[in-house]
Each structure stands twice: as C-alpha cells, then as structure tokens.
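Thanks for coming. I will take a few minutes to walk through one model, and the structure is on the screen now.

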Amino acid sequence: MSEKKIGAISLPINRLHIELTNHCNFSCEFCPDLKMKRERNFMDFEMLKNILNEVAQEDIVRLILFHVMGEPFLYPRLMEAIKYAADKKIQTCITTNGSLLTGKLVDEIIEAGSSRVILSLQTPSAESFKFRGTKSISFDEYREKIKEI
C-alpha cells in the first residue's frame, strides 16, 4: 500500500489549526491583533463543514485545533462544530484563554465530542493581566474562574 501524500507531506498530519473566528476578548501584547488588516468575522459554518468533510474523507489529519487568532468560545456555533467533527470521527481540541469557561461549558464540550481543551495561561499574575487580559473581568475574577475549572 502506498503512502498518502500531499506534495512532500505525508498524511495524516498530526494537527490542523482552524480559525473559527478572529474575534478575541483579550488584548495580549504579543498578539499581532492590532496589526491585523482582516475584518473581524466568524467562519461560515458551511465552509467549516466542507473542510471537515474533506478532512474526514481524505484522512488528512489526526487532530484539529480550533484556534489561531481569535477566542474559539466566541464562535456562536462552536458546540455544533465540535459535534460535526466528532460525527466524522475527527478529534478536536480547543485552545482558549479560559475567560469564558464554566463548568457547564466544559460539560457541553465533552458532550459534543471534544476531549481536549488547552488553557493558554498567558496571564499568570495581576501585573501580566494588565497587559494581556480583558477589561470585562478583573484578574481576581479570572484567577478564581480558572481555579474552579
């Protein structure tokens, strides 16, 4: 049996990042967000389904990570996206700043079919939170939210 390839890349690849949105509720100083010229938007769900269909049909990837520029939990159809991927036998992972996570949301993620969440703790202190956090909650509120999860 011959090895599947796209050009020089052997398939399946280990992971594929998909940007569901470039909206974010944090303002990390290392993020190129302020230089981004793209309009703020959400991926069209039909486009996402087409990508996931092709990924499943061609056995392109082992794991899809929903994350690039934006906060995935701002994507209005995130649970539906996870479920659609799971129905196609595609593993998913969400990388998040954690500010929107709740116990209920974690349960929903698991129920939808994702088994991985990466919590990107770029704000481990009150001082760093001033530069990387959000104005919608305080550092203490953020820290307590993370500890609860």
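First, the ground rules. This is a predicted model, in which local features need pLDDT of at least 70 and side-chain atom pairs count only at pLDDT 80 or more, while totals for chains, interfaces and linings use all residues. Residues are numbered from 1 along each chain as its sequence is written, and side-chain values use heavy atoms, with hydrogens and water left out.

The chain has 5 helices and 6 strands; helices (H or I, at least four residues) and strands (E, at least two) are DSSP runs, numbered from the N terminus. Their order from the N terminus is β-β-β-α-β-α-β-α-β-α-α. Of the 149 residues, 38% are buried, where buried means under 20% relative accessible area, exposed means over 50% and partly exposed is in between, with a 1.4 Å probe and protein chains only.

Now the sheet. It is open, built from 4 strands in the order S3-S4-S5-S6, with parallel pairing. Strands S3 (13-18) and S6 (116-119) are the edges; each has a single partner strand, so one side of each has no neighbour in the sheet. Neighbouring strands are turned by 25° against each other on average, direction ignored; the axes are lines fitted to C-alpha atoms, for helices over the stretch in contact, with angles from 0 to 180 degrees between N-to-C directions. Strand S5, residues 91-96, pairs with S6 in the parallel sense over 4 bridges, pairing being defined as at least two DSSP bridges between two strands. Ile94 has Val117 in S6 as its bridge partner.

Next, helix H5, residues 139-148. Its buried residues are Phe139, Tyr142, Lys145 and Ile146. Down the axis of H5 they fall within an arc of 125°, so they line one face of the helix; the arc is taken over the directions from the helix axis to the C-beta atoms. Lys147 and Glu148 are exposed on the other side of H5.

On to the loops. Asn22 sits between S3 and helix H1 (45-58), and counts as buried because its relative accessibility is 3%. Its side chain reaches the backbone oxygen of Glu39 at 3.0 Å, and a polar atom of that side chain lies 2.8 Å from the backbone nitrogen of Asn41. A polar contact here is a pair of N or O atoms within 3.5 Å; within protein, one must be able to donate a hydrogen and the other to accept it, and residues adjacent in sequence count only if both atoms are side-chain atoms.

Which backbone details stand out? Most residues other than glycine have a negative phi, and most peptide bonds are trans. The Leu11 to Pro12 peptide bond is cis, with omega near -5°. Asp59 is not a glycine, yet has a positive phi of about 50°; at 42% relative accessibility, Asp59 is partly exposed. Lys89 has phi near 65°, and at 73% relative accessibility Lys89 is exposed.

Last, how many cavities of 30 Å³ or more are there? The count is 1, with a volume of about 30 Å³ for the largest cavity. Among the residues lining the largest cavity are Ile18, Phe66, His67 and Pro72. A cavity is a set of points on a 1 Å grid over the protein atoms alone where a 1.4 Å probe fits but cannot get out, and lining residues have an atom within 4 Å of a point. Grid points are joined across faces, edges and corners, and the volume is the space filled by probe spheres set on the points.

Terms used: On a 1 Å grid over the protein atoms alone, a cavity is a set of points where a 1.4 Å probe fits but cannot get out, and a pocket is an open set with protein on both sides within 12 Å along at least five of seven lines; lining residues have an atom within 4 Å of a point.
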